[in-house]
Amino acid sequence: MQTLRSRNPFDRLNLTKAKAGVIKNNPFVLKMTVPQAYEAVVNALGAFGLMVDADNHMSDPIWCCSNDDENGFPNDPRFDPDEWIEGLGLVAQLFKGKTQVISIGLRNEPRGKNQNATLWFDQYIMKAAARVHQANPDVLVVASGLNFATDLTYFKDHSLISNFDNKLIFEGHSYSWGGQGNPWVDGSVNKACADKIGSLNNNLGFVTDGDNAVPLFFSEFGVDRKQMPAHDDRFLSCFSTWAAEKDLDWGLWAFQGSYYYRQNLTNMEEYFGVLEIDWNRVKNPKVERRLGLLKQKLLGMSTFDPSHILSFSCIICHSFFFFF
């Protein structure tokens, strides 16, 4: 990876159209190694005033995630914990001094049959966070809950071993699916929303309450903006109400309108993307208007000082998007 040129995957996968677009707009990128190209993307985001959470998704360059992708939990066949921790340290060091990189996400959506809360939160998270904090003490460290970032209930009976100078925060994810059937369509919408909010509070939101409260960054939620089915429409209204009440910082899945290559398909459209497939306009302006309240800071200090406020709101949190 350190020496692999960014042009190699385009050639290997015969992505001639995508490569032509890079040549037209950013030809210098093709001469870069993959880490250099990644850094170039982060620099471009910073130049436009965007904040970046450098989030680690997978050990393999494949679509994320499933319970059987062998990338779900440390010591799964494709998840070497030592390699993972060393890689996090390298990324943290790479972005040291780059103020647009405000956090390092340790691992996206732990999952699978080998999950173990004690191992995850007291061993692997502590080791990984320590490595990041040692390499770059200026960044926040973002730790995911279990079961696809939906479960932090371990902390109902346990406390953090270390918060690394108040730099460790937790993240959660939520979508319209989950559970049995399709409650947003098949039953009472009010009950579906109440059940969703109850689950969010019980499994994730509780960490922001009480004497030992810790920050919760809702780093991923989203809806099918292309088709806007009823279950997503109703979920969005319900989730937005909850997130506004909690005044959560958040990130959307997803920004990109398409993929060079995903699951053996080229130029695949991202229906959840903010942008259209050609990236030149917003896919569904109505959704952006509905998110308007969440883009405001609803709770805060009585004396407002912008230098004290750190908000992830509206930032695309997963930074492994190469949009050249």
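Glu-70 is partly exposed, with a relative accessible area of 39%; by the cut-offs used here, buried means under 20% relative accessible area, exposed over 50%, and partly exposed in between, with a 1.4 Å probe and protein chains only. Its phi is near 65°, which is a positive value in a residue other than glycine. Glu-70 sits in the loop between strand E1 and helix H4. Helices (H or I, at least four residues) and strands (E, at least two) are DSSP runs, numbered from the N terminus.

The model is predicted: local features need pLDDT of at least 70, side-chain atom pairs count only at pLDDT 80 or more, and totals for chains, interfaces and linings use all residues. Residues are numbered from 1 along each chain as its sequence is written, and side-chain values use heavy atoms, with hydrogens and water left out.

Now the protein as a whole. It has 10 helices and 8 strands. Its radius of gyration is 20 Å, close to the 20 Å that the globule rule gives for 324 residues, so the protein is as compact as a globular protein of that length. The radius is taken over C-alpha atoms, and the rule is 2.2 Å times the number of residues to the power 0.38. Along the principal axes, the C-alpha atoms fill a box of roughly 50 × 45 × 45 Å.

Of the 324 residues, 46% count as buried. Among contacts with a separation of 6 or more, 72% are between residues 24 or more positions apart; a contact means heavy atoms within 4.5 Å. The accessible surface comes to about 16400 Å², and 52% of this surface belongs to carbon and sulfur atoms. Accessible areas come from the Shrake-Rupley method with a 1.4 Å probe, and for residues only the protein chains shown count as cover. The protein has 31 positive and 37 negative charges, and their mean positions are 8 Å apart. Lys and Arg count as positive and Asp and Glu as negative, while His and the chain ends are not counted. Each charge is placed at NZ of Lys, CZ of Arg, CG of Asp or CD of Glu.

Helix H9 covers residues 230–246. At 1.5 Å a residue, its 17 residues should span 24 Å, and the end C-alpha atoms are 25 Å apart, which agrees. The expected span is 1.5 Å times one less than the number of residues. The buried residues of H9 are Asp-232, Phe-235, Leu-236, Cys-238, Phe-239, Ser-240, Trp-242, Ala-243 and Ala-244. An α-helix has 3.6 residues a turn, so residues three or four places apart point the same way. The cover over the buried residues of H9 includes strand E4 (168–174), helix H7 (183–186), helix H8 (189–203), strand E5 (216–221) and helix H10 (285–290). Just after H9, Asp-247 takes a positive phi of about 55°.

One of the buried residues of H9 is Asp-232, with a relative accessibility of 2%. Leaving out residues up to four places away in sequence, Asp-232 touches Ser-176, Val-223, Asp-224 and Phe-272. Val-185 is 47 residues from Asp-232 along the chain, and their C-alpha atoms are separated by 9.9 Å.

Asn-190 belongs to helix H8 and is exposed, with a relative accessible area of 66%.

Ala-18 is buried, with a relative accessible area of 17%. Ala-18 and Tyr-260 are 242 residues apart in sequence, yet 6.3 Å apart in space, C-alpha to C-alpha. Not counting residues up to four places away in sequence, Ala-18 touches Phe-10 and Tyr-260.

Some backbone details remain. The peptide bond from Cys-64 to Cys-65 is cis, with omega near 10°, and Cys-65 lies in the loop between strand E1 (52–55) and helix H4 (81–94). Glu-70 is found in the loop between E1 and H4 too. The peptide bond from Trp-253 to Ala-254 is also cis, with omega near 5°. Ala-254 lies in the loop between strand E6 (249–252) and strand E7 (258–262). Asn-147, in helix H6 (residues 146–149), has a phi near 50°, a positive value in a residue other than glycine. Asn-147 is partly exposed, with a relative accessible area of 35%.
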